[in-house]
Amino acid sequence: MHTERHTRFAEPNRWLIVQMPTVLRVAGYRVMIYGTKREHGPPHVHVTNANGEVITLATAGKGQTVRQYVGMREKEVATAFDIVADHAEFLMRRWRSFHD
């Protein structure tokens, strides 16, 4: 299971290793949740495939939305969105286990 992602900062020789465990794999898509306490709300997940990444989230009183995506085609974003919607209760429980 992949649990790290390297993030580059302004200083050229500094890297921060951020815990981002994969919590779900479906049809070539990987759903991850940042595990750091610094991570911001509202609850959201990062979904990747071979082409890119999309961030989807649920906001209070509103449905799931796409915050941003990079590299994925619209059809791939829609598939990622559906995967998150289909597993929303499970993913919310996992998000809370990292952040509550």
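Reader: Which residue takes a positive phi in the hairpin of β3 and β4?

Author: In this hairpin, two residues sit between the strands. Strands here are DSSP runs of E with at least two residues, and helices are runs of H or I with at least four, both numbered from the N terminus. The model is a predicted one, in which local features need pLDDT of at least 70, side-chain atom pairs count only at pLDDT 80 or more, and totals for chains, interfaces and linings use all residues. Residue numbers start from 1 along each chain as its sequence is written, side-chain values use heavy atoms, with hydrogens and water left out, and the residue with the positive phi, near 45°, is Ala-27.

Reader: How many bridges join β3 to β4?

Author: Two strands count as paired if DSSP finds at least two bridges between them. β3 and β4 run antiparallel, and Leu-24 has Val-31 in β4 as its bridge partner. The number of bridges joining β3 to β4 is four.

Reader: Which strands stand at the edges of the sheet, and why is one side of each left without a neighbour?

Author: The sheet is open and has five strands, paired antiparallel in the order β3-β4-β5-β6-β7. Each edge strand has a single partner, so one side of it has no neighbour in the sheet. The edge strands are β3 (22-26) and β7 (64-70).

Reader: At about what angle does α2 run to β3?

Author: Helix α1 (residues 74-86) packs on the sheet, touching β3, β4 (29-32), β5, β6 and β7 (contact means heavy atoms within 4.5 Å). The direction of α1 makes about 140° with that of β7. α2 lies across β3, β4, β5 and β6, and its angle to β3 is about 160°.

Reader: Over which residues is the pLDDT below 50?

Author: pLDDT is the predictor's confidence in each residue, from 0 to 100. The chain averages 79, with 72% of the residues scoring at least 70. One stretch has a pLDDT below 50, although it has 32 contacts in the model beyond near neighbours in sequence: residues 1-11.

How values were computed: Axes are lines fitted to C-alpha atoms, for helices over the stretch in contact, and angles run from 0 to 180 degrees between N-to-C directions.
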